[in-house]
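Here are my notes on how the chains of this complex meet. Have the structure open while you read.

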Amino acid sequence: MDFAFLSSTMVTLIRAVPTTLVLFSLSILCGGILALGITALRVSGNPVLSGFAKAYIFVFRGSPLLIQMFLVFYGLGQFGVIRYSFLWPFLREPIVCAVLSLALCTAGYTAEIFRGGIRAVPAKEIEAARSVGMSGFLLVRRIIAPIAFRHALPAYSTEIVLMMKSTALASLVTVWEVTGVAQRLISQTYRTMEVFLCAALIYLVLNFIILQAMNLLEYSLSRHRRPFAPGLRA
Amino acid sequence: MAAWELLGLGAKGWGAFLLVAAVTTLAVTATALAIGAVAGAAIAAAKLSGSVILRVIGHVYTTVFRGVPELLIIYLIYFGGSSGLTAVGAWLGYDGFLGLPSFAAGALAVGIISGAYQAEVFRGAFHAIPRGELEAAMAIGMSRRLRLRRIIVPQVLRFAIPGLGNVWQLSLKDSALVSVTGLVELMRASQIASGSTRQYFLFYIVGGALYLILTSLSDRVFNTAERRANRSMSASTIGGA
Amino acid sequence: MPGVTRLSVRNLRKSFGTHEVLKGISMDAQDGDVISVLGASGSGKSTFLRCINLLETPSGGEVWVDGKQIRMLNGRGGSRPASRAQVDHIRSELGMVFQGFNLWSHMTILQNVIEGPLHVLKRPKAECIAVAEELLAKVGIADKRHAYPAHLSGGQQQRAAIARALAMKPKVMLFDEPTSALDPELVGEVLRVMRALAEEGMTMLVVTHEMSFARNVSNRVVFMRDGIVDSSGAPEDMFGAGASPAFRQFIGHFGNPQ
């Protein structure tokens, strides 16, 4: 093994990690907020709104992320309305397009996960909340959302790891994140295996950190399922 | 030129080109699913085996190929496979560059990824077999091989159908990434058509719609298969039995 | 052939970790014997039955089926069978009926019954089907032969499982609490089938809680307690004046069966 090459590759790739992390965190944040809205529409009970949410989920989960990203990156600039609008300086930026399409896509998956969480909320607990006079947003905020989020957490962790992998597609719209830099190194050096191993290691470490963080979150949200520990009360 | 002309099946239209590409997408995905089934069965067996080494190998495989971006794995197989092939060529006395065919590289890469997911599906399906049914097979004197063939495999296949449906959808979408190898599947074809006509929006929408058709059709196929396979499980068919 | 020893168990031992479940059990079954094995839960009676056909690997002792000993190897990590093929063969000569029926859910009742003869004994298919239909008629579920197990009641499933075991033409039938998972109203139909088998002269070893079966059908009762045979004998003696104090206390919980 050529350690000098491996370490210089590693250094080059690690320089691209911030870009990957920006893509990741922005799209998880925006996608999560969007997903809340879509979930709200989906469970609203209004056939038009929930129909729209259903169509959204169907489209973004049923087609490849890459084609969605190309549609945003190449497709939007075709329209004069967008080209001459105040948004264009942003939408011209590849990283904005990448975050936008990553967020739109993950929102579809996440909305389904949130809906699954809501369906797992026991009807009895909602009844109990109504019986003490809770309704509307208060009921959602205090009872439904916390329970639903806890139920949705394992599936949401999986989705977040999938998103970390999906940030790699941004390289195809010229955002130089880890996979893009790795691809450039491969075509410069032809040392595919070494570059692959370095890049793979970076992603596995990132996944590991995310999963540990999610486990920690899950643990802290499941105090009610753990045996009673009197020492912790003080 | 109007949209309907661009999408037509005639000489100036791109319709036929896109449809052929859609068939290529299905072919890559189907080949990948088959490769993944073999890899997945082997990895599931390794993860279920008594040997610590095999279990570690299985665990590493599923962790790596489910945790690393699909695009990187495609690069690994496509570029790595080509350099491997070139090295073999040089050894045999051929000096030039030998490229791995893009279809083979793509199907292999997506297949390897799909194998990691299928391994988990098969493992789950194996655990879904009631232990008592395996004991009954032992008690009647079935050998290991016979138990595998008559009891385990049929039940695993039945329990695996919903999971395999999900893996198929995943692979179908992953196959779009094979476009980076230059294989003219649906994604690449949409790129070519939109690039040549400058009608990006139109062709990516049409390409996306074709993907939606493929995913929803295959969803139906798997749902039907699941219903058929579970006929023996549901009590609703008592009258028809 | 009365007088032939079909099954012989010598000093059978079984431990799970440091916990010794069977502390040396010996027992013989002659041709036509119907032996009821009784005992509280945790007394080791199911483990005993499962050790006979090696669903559990005994830690020590000997099992002889029809004059042939199951060869065991003793190495580090305990004992194990010397030949897998021999174990498979011996299992095919022992019919086992489980508490939970354990019919193969992906096969119809008829397929369940012909599976062993067809694939283990490699008999011609027509013969297997003929035998299976006869057996299904005998246990009273001939009309269910094309149904799947999930479509049958527990009692019907257990009778199908008995037919499946009988199709192998076993030398000995082992019953592991065959009625314990059944609703009370379904117990009778299974016991009737077992009684008919006993009357035909089948050699049977029955782990059960059915005191009436033990008393009225079996010709020998074995009472297990804490991994040993506490007492055994003819039902008249066991349920009569000759009962051991422990057995008397045990049957006290069930009321005295008639």
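How much area is buried between chain B and chain C, and what share of it do carbon and sulfur atoms give? About 2,300 Å² is buried there, with 59% from carbon and sulfur atoms; buried area is the accessible area (1.4 Å probe) that two parts lose on being put together, summed over both.

A word on the ground rules before the points. This is a predicted model, where local features need pLDDT of at least 70, side-chain atom pairs count only at pLDDT 80 or more, and totals for chains, interfaces and linings use all residues. Residues are numbered from 1 along each chain as its sequence is written, chains are lettered from A and ligands numbered from 1 in the order in which they are written, and side-chain values use heavy atoms, leaving out hydrogens and water.

1. Who touches whom. Taking contact as heavy atoms within 4.5 Å, 2 pairs of chains touch, and A with B has the most contacts. Chains A and C share no contact, and their closest C-alpha atoms are 28 Å apart.

2. The B–C side of things. Here 28 residues of chain B are in contact with 26 residues of chain C. On the chain B side, B:Ala139, B:Ile140 and B:Ser232 lose the most area to chain C, together 25% of what that side buries.

3. B:Arg150 and C:Glu115 form a salt bridge, at 2.6 Å from N to O.

4. Helices here are DSSP runs (H or I, at least four residues), numbered from the N terminus. By class, this side of chain B has 13 nonpolar, 7 polar and 8 charged residues. Nonpolar covers Ala, Val, Leu, Ile, Met, Phe, Trp, Tyr, Cys and Pro; charged covers Asp, Glu, Lys and Arg; the others, Gly among them, are polar.

5. Now the A–B interface. Between them, chains A and B bury about 3,100 Å², 79% of it on carbon and sulfur atoms. A:Ile67, A:Lys165 and A:Phe196 lose the most area on the chain A side, together 21% of what that side buries. In contact terms, 35 residues of chain A meet 36 of chain B.

6. A:Lys165 again. The rule finds 1 salt bridge across A and B: A:Lys165 pairs with B:Glu70, with the closest N and O atoms 3.2 Å apart. Helix 11 of chain A gives the most to the side that touches chain B, with 8 residues. That side of chain A has 24 nonpolar, 9 polar and 2 charged residues.

Notes: Salt bridge = Lys/Arg side-chain N within 4 Å of Asp/Glu carboxyl O. Helix = DSSP H or I, 4+ residues; strand = E, 2+ residues; numbered from the N terminus.
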